[in-house]
Amino acid sequence: MSSIRLDRFLSDMTSYSRSDIKKYIRSGDVTVNDFPVYDPSVKINTEADAVSFKNCEIKYNKYLYFMLNKPKGVVSATRDDLHRTCLDLLSDGDRRKDLFPAGRLDIDTEGLLLITNDGPLSHNLLSPSHHVDKTYLALIQGFVDENMAYDFATGFKIDDEFTTLPSKLRILSHEDQFTEVSVTIHEGRFHQIKRMFGAFDMKVLSLKRISMGALELDPDLKPGEYRRLTADEVTSLKEV
Ligand code: URA
């Protein structure tokens, strides 16, 4: 059995601070097993007790996992003075204080972003030693050919700064001087895909992440939409 103070339970599971939660409890907004409780220090059994806040039942989950289809114009940060953040796209009931994006996408990149409060899992996914595959679809200004696919497969130097790890470049279509590609990389340096094509004097016109490890972007999610991961998806991510 896991036991926790009522005020801690509610501040962990909502966007409210502990002192705000104490006020709500004292003013009668909280019930435990259908009885109003006014004492913030009451101990809650997180598996057995039913806690309701403002008439909504709140379940205790240590970890939460959301898949967001990040739209362009939104930053993958927890706060930002200028732009909307990925956390701003979560509804009030889901926006817990300890959530963060596991990894970053540029402001003009769309696609799969994992949002969680599971620090150890995030560390595993992002750690260079695990090399979780990340696949992107990109529209490139330039004629991408099989010679480039070879260079991507073997690795090449960028800005005399580092040599890329082997990656997989697939040419999907050509139209005039534009190429649609998919790229799978095993590392995640700043602006990595843009810099890889930049090394060939090519510009990335649009970029979308479609998978990260075993996790694939749900095609039903429109830009800006999100959903919780299924239990199977969480398990497959943890198998990294
Ligand atoms: N590579 C980039 O250049 N940008 C991203 O957002 C992700 C990978």
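These legends walk you through a few views of one predicted protein model.

Residues are numbered from 1 along each chain as its sequence is written. In this predicted model, local features need pLDDT of at least 70 and side-chain atom pairs count only at pLDDT 80 or more, while totals for chains, interfaces and linings use all residues; side-chain values use heavy atoms, with hydrogens and water left out.

**View 1. The whole chain.** Start with the C-alpha trace, which spans about 70 × 35 × 35 Å along its principal axes. The chain contains six helices and 19 strands; these are DSSP runs numbered from the N terminus, with helices being H or I of at least four residues and strands E of at least two. Of its 240 residues, 44% count as buried, where buried means under 20% relative accessible area, exposed over 50% and partly exposed in between (1.4 Å probe, protein chains only). A contact means heavy atoms within 4.5 Å. Among contacts with a separation of 6 or more, 64% join residues 24 or more positions apart.

**View 2. Helix α1 under cover.** How many of the eight residues of helix α1 are buried? Seven are, so look for a mostly covered helix at residues 6-13. The buried residues are Leu6, Asp7, Phe9, Leu10, Ser11, Asp12 and Met13. Their packing partners include α2 (18-26), β1 (3-5) and β2 (30-32), along with β4 (43-45), β5 (51-53) and β6 (56-58).

**View 3. The largest nonpolar core.** A nonpolar core is a set of buried Ala, Val, Leu, Ile, Met, Phe, Trp, Tyr and Cys residues joined through side-chain atoms within 4.5 Å. The largest one here has 33 residues, and Leu169 and Phe197 have the most contacts inside it. At least two residues of this core come from each of several elements, including strands β7 (65-70), β11 (109-116) and β12 (134-141) and helices α4 (146-154) and α5 (192-198). Elsewhere, a second, separate core of 15 residues includes Tyr65, Ala102, Leu114 and Leu229.

**View 4. Leu169 and its neighbours.** Leaving aside residues up to four places away in sequence, Leu169 touches Val144, Met148, Ala149, Phe152, Val181, Ser182, Val183 and Phe197.

**View 5. Ser182 in its strand.** Now move to Ser182, which lies in strand β16. Is Ser182 buried or exposed? Ser182 has a relative accessible area of 6%, so Ser182 counts as buried. With residues up to four places away in sequence again left out, Ser182 touches Tyr136, Leu137, Lys168, Leu169, Arg170 and Leu172.
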